[in-house]
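Hello,

Here is the structure we talked about. Please open it alongside these notes.

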Amino acid sequence: MTSTPKKFAVIGNPIQHSRSPELHTSFAKSTHLNITYDKLFAEIDAFEQTIEHFFHTGGQGLNVTVPFKEHAFQRCDVLTPRATIAKAVNTLWMENQKLYGDNTDGQGLVDAILTLKWPLKDSRILILGAGGATRGVVYPLAMAGAKQIVIANRTLARAEQLIQDVAPALPTTTSLEAIALDQLQGSFDIVINATSASLTGDALNLPATLEFSYAYEMAYGKPSTFLDQAKARAVPTSDGFGMLVGQAIESFYIWNGVKPALKDFI
Ligand code: ATR
């Protein structure tokens, strides 16, 4: 007799483009679990009703994507430390009638970088951008051993504010600094593009005075002037597909207690 499948979904608006169902379906196949994983569209003002209905009708876990991650953060009864720091939730589940929220984006990035065999322990990291994407990854990068994290943003005050917010939660072994995007300089192991500039096609200028050994673009499947410039320097590069798979694996692990190997899916 076959067991009833565990029911999962990703909620967003729009949601049609989401690759989460195919990823989770392949994780389930590789770990021999019986699940369903759907795309769940919610009207902008109907996020809460939609998730309540999902969990009341047997749903076990939800991924949350644009534009609902902050709303999910507000709605949760219990948050993990990394979700609290990120101020955004991408993974939901119920326990004892309470809604739990986590943010797996940062660990997804860490796992993607480690799978590439790029160095994180004692590394110097430059992150371009100070929006939600950066907020989600600073703590996991510090916990993975980064010794220096510099956040460069077009609007310097936003990077300074982000640092003020996250600094108290970070290990004292990680130094944090904010700089303006047009003042890029120094020497780093990894530079990470967390701006949305690649999505709008705007060019980011990486000056010759900026040295780095590896370049990670958080976006994927789009042309990236950031990656073009890094490739011109012949350093190893990656787009954000590994991070996407990494965050999905971490959610799958929270819900199911088994962790598929990232290298098998990229
Ligand atoms: P996300 O949640 O994807 O991080 P966001 O919170 O809107 O989105 O943040 C977008 C980030 O990309 C910000 O750091 C933004 O810089 P500002 O804070 O100065 O707005 C950055 N960004 C967007 N377009 C950019 C561009 N053309 N050049 C440089 N930075 C850009």
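Ala 234 is exposed, because its relative accessibility is 67% (exposed means over 50% relative accessible area, buried under 20%, and partly exposed in between, with a 1.4 Å probe and protein chains only). Ala 234 sits in the loop between α10 (225-232) and β12 (237-238); helices (H or I, at least four residues) and strands (E, at least two) are DSSP runs numbered from the N terminus. Although Ala 234 is not a glycine, its phi is positive, about 60°. Lys 87 is also no glycine and has a positive phi of about 55°. Lys 87 belongs to the loop between α4 (81-86) and β5 (91-95), and at 40% relative accessibility it counts as partly exposed.

The model is predicted: local features need pLDDT of at least 70, side-chain atom pairs count only at pLDDT 80 or more, and totals for chains, interfaces and linings use all residues. Residues are numbered from 1 along each chain as its sequence is written, and side-chain values use heavy atoms, with hydrogens and water left out.

Two cis peptide bonds are worth a look. One joins Asn 13 and Pro 14, with omega about 5°, and Pro 14 is in the loop between β1 and α1. Another joins Val 66 and Pro 67, again with omega about 5°; Pro 67 is in the loop between β3 and α3 (69-75). Most residues other than glycine have a negative phi, and most peptide bonds are trans.

Ile 44 touches residues from both of these places: leaving aside neighbours within four places in sequence, it is in contact with Asn 13, Pro 67 and Phe 68 (contact means heavy atoms within 4.5 Å). Ile 44 lies in the loop between β2 and α2 (47-56) and counts as exposed at 52% relative accessibility.

Next, helix α1. The buried residues of α1 are Ser 20, Pro 21, Leu 23, His 24, Phe 27 and Ala 28. They cover an arc of only 165° around the axis, so they lie on the same side of α1 (the arc is that of the directions from the helix axis to the C-beta atoms). These buried residues pack against β1 (6-12), β2 (35-41), β3 (59-64) and α11 (241-256). After α1 comes His 32, whose phi is positive, near 60°.

Leu 62 lies in strand β3 and is buried, because its relative accessibility is 0%. Not counting residues up to four places away in sequence, its contacts include Ala 9, Leu 40, Phe 54 and Trp 255. Leu 62 and Ser 251 are 189 residues apart in sequence, yet 8.9 Å apart in space, C-alpha to C-alpha.

Last, the ligand. Of the 15 residues around it, Ala 130, Asn 153, Thr 155, Arg 158 and Asp 202 come nearest (a residue is near if one of its heavy atoms lies within 4 Å). A polar side-chain atom of Thr 155 is 2.5 Å from a ligand oxygen atom, and a backbone N or O atom of Ala 130 is 2.9 Å from an oxygen atom of the ligand. The protein covers 73% of the 650 Å² of accessible area that the ligand has on its own (Shrake-Rupley method, 1.4 Å probe; for residues, only the protein chains shown count as cover).

Regards

Notes
A polar contact is a pair of N or O atoms within 3.5 Å; within protein, one must be able to donate a hydrogen and the other to accept it, and residues adjacent in sequence count only if both atoms are side-chain atoms.
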